[in-house]
Amino acid sequence: MSGEELVLFFTSSAEYLLYAVLLALFIFLCLFWYFFAYFCNSLTKDKILAKGKIKYKYAVLVPARNEDKVIANILESLKNQTYPSDLFDVYVIVESKDDPTVKITKKFGYTVIIRKDLVNKRTKGFALDEAYKYIKEKNFKYDAFMVFDADNVLESNYIDLMNDVKNQGYKVGMGYRNFTNTSQNWVSACSATLFAYMNQFTSKGRSRLFKKMTLTGTGYYIDFDVIDNENGWIFNGMTEDVELTKYCYYHNISMRYYPIAQYYDEQPTTMKVIHKQHIRWVWGYFSNDKKFKNKNMPDYQCLSKRMQNVSLFEFNVSIYPIVLMAVLAGVAFFISFVLFIASIVYSAFYVEFRTELVPLTMLIWMIVYFMIIYIAFALVAFITFVISDKILKLKIRTKLKVMLTYFFFFFDFLSAFFDGLVHKYKRTSWDKIDHEGKILNKEALKNINGNKKG
């Protein structure tokens with residue numbers, strides 16, 4: 001191949017790569033229509049619901065294996081709830097009677113459930129299922145379950161506000177997931193930014209358009225009947241919150257995201273811990289959801305069939321447009337990088353490469369493809385700060401740091417995918433995440449100390 005032909009090959013390759021990326025961008029804009037609807041909705045003021053006339057009774061479930069460092073915080077915030085204490089019972093679920101968490105829980109006067117069946121059942125979903133069975137055996141009566149993690153802290157009026165949501169007829173409700181340690185370091189700030197986006201952008205939009213939301217771990221209530229109809233907590237995979245979200249979509253269950261109600265959560269502070277989480281989330285999202293599509297399961301008739309199909313389409317394709325664009329831009333970046341290196345080598349043999357500045361052209365395209373992805377994630381972080389600034393309360397310096405590095409934080413999702421692909425055991429094993437109990441959020445501290453009135 002002559003020098004001129006090689007120059008044409010290099011420049012044509014760069015041009016075709018651009019067409020592929022532009023096509024991905026076009027598909028992104030066509031399928032990501034809800035992005036614009038959600039953004040407009042995220043800027044609207046949150047509506048305060050009417051005070052619920054019916055006082056429902058709740059079973060508050062707290063899986064807490066070896067969580068003696070943090071369990072007192074959530075139990076204290078539960079003691080400080082404005083909701084009548086005789087209308088909610090707290091069950092702390094542990095795996096051993098020797099767990100120090102047991103002694104602390106009993107000091108607060110709450111019930112401890114010690115798990116009996118642990119063989120290949122170490123996930124949170126199985127712990128919740130044992131709590132359900134315990135309640136059924138005791139013949140206790142509740143209107144709904146409320147689920148929290150041991151590191152959570154509740155606003156003093158959280159159960160009160162969730163009860164207002166239930167009075168509106170929603171079978172599943174969740175408040176805003178705030179954070180106890182957002183400002184601790186870069187990792188916790190990026191992680192909090194991700195969840196703030198999922199809260200105020202995705203869940204707020206889905207709640208308004210489809211009476212749905214994205215469950216993000218804990219902080220939610222679910223009608224007792226929903227669990228009872230399945231004879232237990234069937235959401236027991238590595239990401240039980242994703243499974244429950246899928247179930248609500250497939251079976252037309254009404255859900256309400258209510259950001260007026262807030263609870264707090266401790267975010268990881270190291271990438272090692274974040275990486276373990278990302279492996280679970282990535283592979284949990286793509287896990288087999290066939291069992292939740294069973295047509296023999298109840299249809300709760302939240303939406304018309306047409307609107308349910310629209311909501312299912314949005315849910316099932318939600319991440320693919322941006323994944324397609326990011327992957328194609330990433331592939332284009334990699335190919336242009338290879339072409340850049342090759343053009344430098346060829347420059348030593350073909351004068352055309354030097355006179356046509358082919359290496360410089362390849363370098364420019366390589367930078368362009370990288371910046372497409374980089375700017376996209378910086379923009380997502382910026383949007384999150386616009387819609388959640390009053391809640392996140394990050395310093396300008398921290399926000400700039402997150403915006404400039406958000407791409408690298410998100411890159412770990414790709415790393416987690418390949419890590420789980422190579423090491424299957426990592427996506428099927430449940431590793432406990434140690435919590436520090438470090439609370440930097442002043443509002444969370446007030447709710448623990450009982451200084452804040454509901």
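This note goes through a predicted model, point by point.

1. Basis. Local features are taken at pLDDT of at least 70 and side-chain atom pairs only at pLDDT 80 or more, while totals for chains, interfaces and linings use all residues. Residues are numbered from 1 along each chain as its sequence is written, and side-chain values use heavy atoms, with hydrogens and water left out.

2. Helix α6. Helices (H or I, at least four residues) and strands (E, at least two) are DSSP runs, numbered from the N terminus. Buried means under 20% relative accessible area, exposed over 50%, and partly exposed in between (1.4 Å probe, protein chains only). Among the buried ones are Y158, L161 and D164. G169 follows α6 and has a positive phi, near 100°.

3. A salt bridge is a side-chain nitrogen of Lys or Arg within 4 Å of a carboxyl oxygen of Asp or Glu; the count is 20. One of them joins D160 to K51 at 3.4 Å, N to O. D160 sits in helix α6 and K51 in the loop between α2 (33-42) and β1 (58-63), 109 residues apart. D160 is buried, at 7% relative accessible area. K51, K55, D160 and D164 form a linked network of salt bridges.

4. Two other salt bridges. D98 and K97 pair with their closest N and O atoms 3.6 Å apart; D98 is exposed at 61%, and K97 is exposed at 61%. D389 and K399 meet at 2.8 Å, N to O. D389 belongs to helix α14 (residues 358-392) and K399 to helix α15 (residues 396-422), so this pair ties together parts 10 residues apart in sequence. D389 is partly exposed at 33%, whereas K399 is buried at 16%.

5. Strand β7. Two strands pair if DSSP finds at least two bridges between them. Strand β4 (residues 144-147) pairs antiparallel with β7 over 4 bridges, with A144 opposite D223. Strand β6 (residues 172-179) also runs antiparallel to β7, joined by 3 bridges; G173 stands opposite Y221. Y220 and I222 point one way from β7, Y221 and D223 the other, and all are buried.

6. Cores. A nonpolar core is a set of buried Ala, Val, Leu, Ile, Met, Phe, Trp, Tyr and Cys residues joined through side-chain atoms within 4.5 Å. The largest has 81 residues, and those with the most contacts inside it include W233, Y220 and I222. A second, separate core of 37 residues includes L161 and Y263.
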